[in-house]
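Work through the exercises below with the sequence and the coordinates open. Each task is followed by a solution in steps.

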Amino acid sequence: MASYAQAGGINHLDGKNLPSRRAVACITSDLLKLVFPGFFDEKPIHSSEIKVETASRLDLLLGHLEDEIAKSLEYNPPPELPKKDLRPIAHTWTLEFLDSLPRVREMLQTDTEAAFNGDPAALSREEVIVAYPFIEAIAVQRLAHELYLKNIPLIPRIMTEWAHGRTGMDLHPGAQIGSHFFVDHCTGTVIGETSILGNHVKMYQGVGLVARSLAAGQLLRGQKRHPTIEDHVTIYAGATIMGGDTVVGEGSTIGANVFLTTSVPPHSLVVQEEANVKVMSKKDRQKAPAEFHI
């Protein structure tokens, strides 16, 4: 009790009811089943059943998601909303979100094509959807982005962090990502909130699209902090691209482990200069400079 009194900043007592992380995770899982019917289910779905199955899932999602959006709006209502009962607004926004699912599916179809066409190890599109963590991560990001655009607090970030923990990809719901996106291997990928990615962008593991500095903290809120990647850009493993003013021109290739803080023109090849590597016999290790001793 003394700790609760002294460290009050990490308590949430006597406040508005927050969205449930567990409920949002369940909603996100159900959304994946809805946008990829037959892929995330434990039993097959026949085409004769799809209409009834979809109606049932939409009905459940409408109720569950509306509840969580209502909690979110009550916790932190956007300033443009009237200060009154927010439940009708939550209902309308939930319907509008569900109405966006066909458009989200169109984008996810292009991502699946990009993953299959871009990876010679992929045996089929079905394998890409059921086995590649990238598909789950980008699907959740695109779904969460629709809620982010409505300034719904908490829920979009809960969704993408749920996917982050499952896939190793940290895709902020605010990032604007074009069609035919693909991240091969995907582990360690970071795409910040104000990143803008064009169409046909391909990335590899460990790529970071990050802010140049966060020393100003909350004063940076709302500013463009993360880079812009134009169409048909490939970014190889371990590259870090920083800054809201940094633009990677269309058709460019960024090599592995590049640390980029300035814009590059279209159709550029950016590589890191070759590092000095010394190869020696272990028997000669004692004769080597101290920095080579392990």
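**Exercise 1. Identify which element gives the largest share of the lining of the second largest pocket, then describe that pocket.**

Solution. H5 gives the largest share of this lining, 6 residues. Helices here are DSSP runs of H or I with at least four residues, strands are runs of E with at least two, and both are numbered from the N terminus. The model is predicted: local features need pLDDT of at least 70, side-chain atom pairs count only at pLDDT 80 or more, and totals for chains, interfaces and linings use all residues. Residues are numbered from 1 along each chain as its sequence is written, and side-chain values use heavy atoms, with hydrogens and water left out.

Step 1. Helix H5 (101-118) and helix H6 (125-131) each supply at least two lining residues.

Step 2. The lining has 13 residues, and Phe36, Arg105, Gln109, Thr112 and Ile129 lie nearest the pocket centre. A pocket is an open set of points on a 1 Å grid over the protein atoms alone, where a 1.4 Å probe fits, with protein on both sides within 12 Å along at least five of seven lines; lining residues have an atom within 4 Å of a point.

Step 3. By class, the lining divides into 6 nonpolar, 2 polar and 5 charged residues. Asp, Glu, Lys and Arg count as charged, Ala, Val, Leu, Ile, Met, Phe, Trp, Tyr, Cys and Pro as nonpolar, and the others, Gly among them, as polar.

Step 4. The volume is about 250 Å³, taken as the space filled by probe spheres set on the grid points, which are joined across faces, edges and corners.

**Exercise 2. Describe the largest pocket by volume and lining.**

Solution. Step 1. Its volume is about 1000 Å³.

Step 2. Of its 34 lining residues, Tyr148, Arg157, His172, Glu193 and Arg221 lie nearest the centre. Helix H8 (155-167) and strand S4 (190-191) are the elements that give two or more residues to this lining.

Step 3. The lining comprises 16 nonpolar, 12 polar and 6 charged residues.

**Exercise 3. Which residues of H2 are buried, and what covers them?**

Solution. Step 1. Helix H2 covers residues 21-35.

Step 2. Val24, Ala25, Ile27, Thr28, Leu31, Leu32, Leu34 and Val35 are buried, meaning under 20% relative accessible area (1.4 Å probe, protein chains only).

Step 3. Their cover includes helix H3 (50-75), helix H4 (87-99), H5, helix H7 (133-148) and H8.

Step 4. For the whole protein, 41% of the 294 residues count as buried.

Technical notes
Expected span 1.5 Å × (residues − 1). Buried < 20%, exposed > 50% of the residue type's maximum accessible area, 1.4 Å probe, protein only. Contact = heavy atoms within 4.5 Å.
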